[in-house]
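Q: Please take one part of this model and look at it closely. What does it pack against, and how?

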Amino acid sequence: MRGSACGETERTKEKCKMRAEQMNLGYIGLGNMGGALASRLQLSRELIVFDRDPAVTERLVALGAQPAREAAELAAGCEVVLLCLPTSDHVHTVLFGEGGIAEVLRPGTIVIDQTTGDPIATRAMAQRLRQQDVQMIDAPVSGGITAAQAGTIAIMVGADPGQFETVQPILADISPNIFHAGGVGNGQVIKLVNNLLSHAQRLLSLEALALADKNGVNSRTAHEILMASGGRNAYLEKSFGPRVMLGNLSPGFTLGLAHKDVRLATDLARVSGVPSLFGGIARELYQLCIAENGAEAQVDTAALVIDRWAKTRVVPQDGETAG
């Protein structure tokens with residue numbers, strides 16, 4: 001379902017929009033993605049922000065946001081708290097760790113988790129918060145930082161229909177591309193499914209391009225032909241052609257985060273009884289890339305690893321142009 005909850009009337013939508021406009025909003029976690037999402041929100045809403053890094057907080061403050069000294073200070077003054085953190089473990093710490101915001105969240109508060117996280121952990125945290133009459137839903141995103149900044153990113157929401165009706169007007173100020181995936185945790189389920197496909201697609205595309213290069217078809221020619229053929233895919237179109245083929249390996253996303261996403265997807269497959277052979281291979285290949293380049297290296301440095309293994313030049317080296 002996209003854009004509205006099942007059975008929602010125009011009158012109900014208007015009431016939800018009016019209610020959402022009156023809510024105090026706070027955003028915790030202002031890294032590459034969280035900062036882009038928060039900056040979209042504050043184009044149309046007053047926003048209180050917090051991040052452990054004062055520098056990224058100041059960037060949002062310069063655009064008109066109100067800073068909070070601590071996460072708990074933000075949470076105590078907001079009816080809606082959005083989170084965008086590296087992992088579900090970080091979310092758990094922010095909520096329930098020492099000085100966690102759960103201690104100050106008022107009954108009726110809504111926590112919107114935009115982390116790419118573990119749906120099982122999210123459901124457990126939502127259940128714990130429900131005991132103090134605090135609602136938690138998940139709304140991870142897909143499309144990259146550029147789409148977040150442009151307001152076109154896809155938002156995948158896990159919430160019951162009533163919760164979805166309440167938060168939809170808020171999320172619409174980030175992007176109109178909102179999808180209701182079902183109950184809490186389902187947004188993160190489909191995000192992991194998406195990222196499993198996306199991250200595995202990257203590795204297979206790079207492997208295929210190395211095969212072409214090793215046998216006499218350079219990466220520029222191979223890319224042009226593949227884009228007109230059945231092997232065309234999102235990675236070739238949106239990442240390899242515009243950036244990687246030109247030597248730009250900095251999408252703002254790390255190998256460690258890619259490995260985390262694939263690991264979570266394969267873990268979910270294991271506990272669900274779903275075979276994940278290709279996912280397991282992708283997970284281990286990202287682990288090998290981390291062993292060579294480090295977890296903080298950009299995810300597209302996987303191309304350099306494959307070039308080293310295959311003795312190819314899919315990515316131009318310093319001073320070269322794509323062949």
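A: Packing geometry here uses axes, lines fitted to C-alpha atoms (for helices, over the stretch in contact), with angles from 0 to 180 degrees between N-to-C directions. The model is predicted: local features need pLDDT of at least 70, side-chain atom pairs count only at pLDDT 80 or more, and totals for chains, interfaces and linings use all residues. Numbering starts from 1 along each chain as its sequence is written, and side-chain values use heavy atoms, without hydrogens or water.

The part is helix 12, residues 255-272. Helices are DSSP runs (H or I, at least four residues), numbered from the N terminus. Helix 12 has 18 residues and reaches 26 Å from first C-alpha to last, close to the 26 Å expected at 1.5 Å a residue; the expected span is 1.5 Å times one less than the number of residues. Glycine 273 follows helix 12, with a positive phi near 75°.

Now the buried residues (under 20% relative accessible area, 1.4 Å probe, protein chains only). In helix 12 they include Leu255, Ala258, Val262, Leu264 and Leu268, but also His259, Lys260 and Asp261. The buried residues of helix 12 pack against helix 6 (119-130), helix 9 (186-214), helix 13 (277-293) and helix 14 (302-310).

Take the pairing with helix 13. The two helices pack at about 155°, axes 9 Å apart. Helix 12 is therefore roughly antiparallel to helix 13 (the term covers angles over 145 degrees). The contact (heavy atoms within 4.5 Å) involves Leu255, Gly256, Ala258, His259, Val262, Arg263 and Thr266 of helix 12. Helix 13 contributes, among others, Gly279, Gly280, Ala282, Tyr286 and Ile290.

Key. Buried < 20%, exposed > 50% of the residue type's maximum accessible area, 1.4 Å probe, protein only. Parallel < 35°, antiparallel > 145°, perpendicular 65-115°, else oblique.
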